[in-house]
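Subject: Structure handover, with notes on side-chain contacts

Hello,

Here is the structure I promised you. Please open it alongside this message; my notes follow below.

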Amino acid sequence: MTESIEKELREEIKKDHKYIVSLRRHFHMNPEIAKEEFQTALKIEEELDKIGLAHKRVGDTGVYAEIKGSAGGPSKTIVLRADIDALPIQESHECEYKSKIPGRMHACGHDAHTASLLGAARILNAHKDLFSGTIRLTFQAGEEIGYGARIFADGGYLDGADRTFGMHAASNVPAGKVAVVPGPNNASVDWFKITVKGAPAHVSTPQLGSDAAYIASQIVISTQALITRRTSPMDNVLVGIGKITAGDAYNIVAQKAELEGTIRAFTPEVRERTKQLLSDMAKQTAQIFGGDAQVEYKDFTSPLINDQTSTEEVQKTAVRLFGEENVIKNRLASLGGDDFAEYIIKVPGTYAYFGTGNPAKEGTTAAHHDSKFDIDEDALLQSVSLYTFYAIDFLNQE
């Protein structure tokens, strides 16, 4: 790509900024949670129609489209991804585009991701003569519950592709900067429920029963020892229990207790080992005190491990676009999960974080999933640009 053409595309992206902001605000005002993104999907399809792109549904609320390049050159394929779901949060941030749906909010930036990919699609489709090969656009539902990525992967929408690429807003990264880091970036996410069964008795005669509440308490304490005494200090892993229910009345030895929690890890090996340790410990602890424990797991997402080669490619594009000083290459990994991991497992790729924090703009440095969360909308220039230019750079790369 010549300097003059790149300059032309940059100017087009700047001219489209108001359009991208308007899209982001529309999605922000009309948030829908995982598996309920019906109006969001319709809006995406409406915009794709305006761009002139055919599309299809993936699952009930995912949307897929393709852009075929017309330039001569390599016939490669890149998959671009944006997640589209919101959260069950009541927005407390006062702004002109505040959520209109009670108890629903885009508190993680997925509205910005969706708008950015639509913005990039508009530019890319208008300049198909600048690249060869195919760009697959995937607007993925249900990221917050680890659902939508596998629908695309299992449905064959990644098959035969050469690269995958996605981005996420980051309120703890200054607006104007982009973080692109090889290796583990996000942890795996497993939900678990431990059901403890005991035997009831009057609290005055505990020896006649088996106290499920006591057993559950011992399991909670012992989970910490799994990390501090059964796991290497060099392995990053977390076991957290967020919900406990037990018993029927204040004066009855509890006959049942339930614990719900999560395991987070950065490698498949540590993940599986920790699950086995937790299961063994829960069952053995219950047995010691005369009860029984069963452990149930749900695999929400795998660890997100950026491919080295793909990451270096994105870094190169980002440095050219934003300058070396604005590309972060050593950001700490997060124990939060993201199911873009399933894309990278299927096809080599990388996940970048574009900064949206600006202390001068209210809410933009709030943590993700905070009811005051917002973004610096100027950051949409970076996200649209990186989607656009990396796709072109990769497809034209020999």
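First, a cut-off you will need: a residue is called buried under 20% relative accessible area, exposed over 50%, and partly exposed in between. Lys98 has 23% relative accessibility, so Lys98 counts as partly exposed. Please keep in mind that this is a predicted model.

Salt bridges

Lys98 has a charged partner. Its side chain meets that of Glu94 in a salt bridge, at 2.8 Å from N to O. Glu94 is exposed, because its relative accessible area is 57%. In total, the count comes to 33 salt bridges. Side chains of opposite charge can pair when their charged atoms come close.

Lys50 and Glu47 form a salt bridge, 3.2 Å from N to O. Both lie in helix H3, residues 38–51. They are three residues apart, about one turn of the helix. Lys50 has 59% relative accessibility, so Lys50 counts as exposed. Glu47 has a relative accessible area of 2%, so Glu47 is buried.

A third pair reaches across the chain. Asp190 forms a salt bridge with Lys275, with the closest N and O atoms 3.7 Å apart. This pair links distant parts of the chain, 85 residues apart. Asp190 is in strand S8 (residues 188–197), and Lys275 is in helix H7 (residues 268–288). Both Asp190 and Lys275 are buried. They also belong to one network, joined by salt bridges that share partners. Its members are Arg150, Asp190, Arg271, Glu272, Lys275, Asp299 and Glu342.

Aromatic pairs

The structure holds 10 aromatic pairs. One of them is Phe192 with Tyr297, an edge-to-face pair. The rings are 6.4 Å apart centre to centre, with 65° between the planes. Phe192 lies in strand S8 and Tyr297 in strand S11 (residues 292–301), so the pair ties together parts that are 105 residues apart in sequence. Phe192 is buried, because its relative accessible area is 0%. Tyr297 has 24% relative accessibility, so Tyr297 counts as partly exposed.

Tyr214 and Phe289 also pair. Their ring centres are 5.1 Å apart and their planes are at 85°, so this pair is edge-to-face. It too links distant parts of the chain, 75 residues apart. Tyr214 is in helix H6 (residues 212–228), while Phe289 is in the loop between H7 and S11. Tyr214 is partly exposed, because its relative accessibility is 39%. Phe289 has a relative accessible area of 35%, so Phe289 is partly exposed.

There is also an aromatic cluster, formed by Phe165, Tyr387, Tyr390 and Phe394.

A surface patch

Ile288 is in helix H7. Its relative accessible area is 64%, so Ile288 is exposed.

Charges over rings

Two last contacts to look at. Lys35 lies over the face of Tyr147, at 4.5 Å from the ring centre. Arg122 lies over the face of Tyr19, at 3.8 Å from the ring centre.

Best wishes

Definitions and conventions. Residues are numbered from 1 along each chain as its sequence is written. This is a predicted model: local features need pLDDT of at least 70, side-chain atom pairs count only at pLDDT 80 or more; totals for chains, interfaces and linings use all residues. Side-chain values use heavy atoms; hydrogens and water are left out. A salt bridge is a side-chain nitrogen of Lys or Arg within 4 Å of a carboxyl oxygen of Asp or Glu. Helices (H or I, at least four residues) and strands (E, at least two) are DSSP runs, numbered from the N terminus. Buried means under 20% relative accessible area, exposed over 50%, partly exposed in between (1.4 Å probe, protein chains only). Rings of Phe, Tyr and Trp (its six-membered ring) pair if their centres lie within 6.5 Å; planes under 30 degrees apart count as stacked, over 60 as edge-to-face and the rest as tilted. A charge sits over a ring if NZ of Lys or CZ of Arg is within 6 Å of the ring centre and within 35 degrees of the ring normal.
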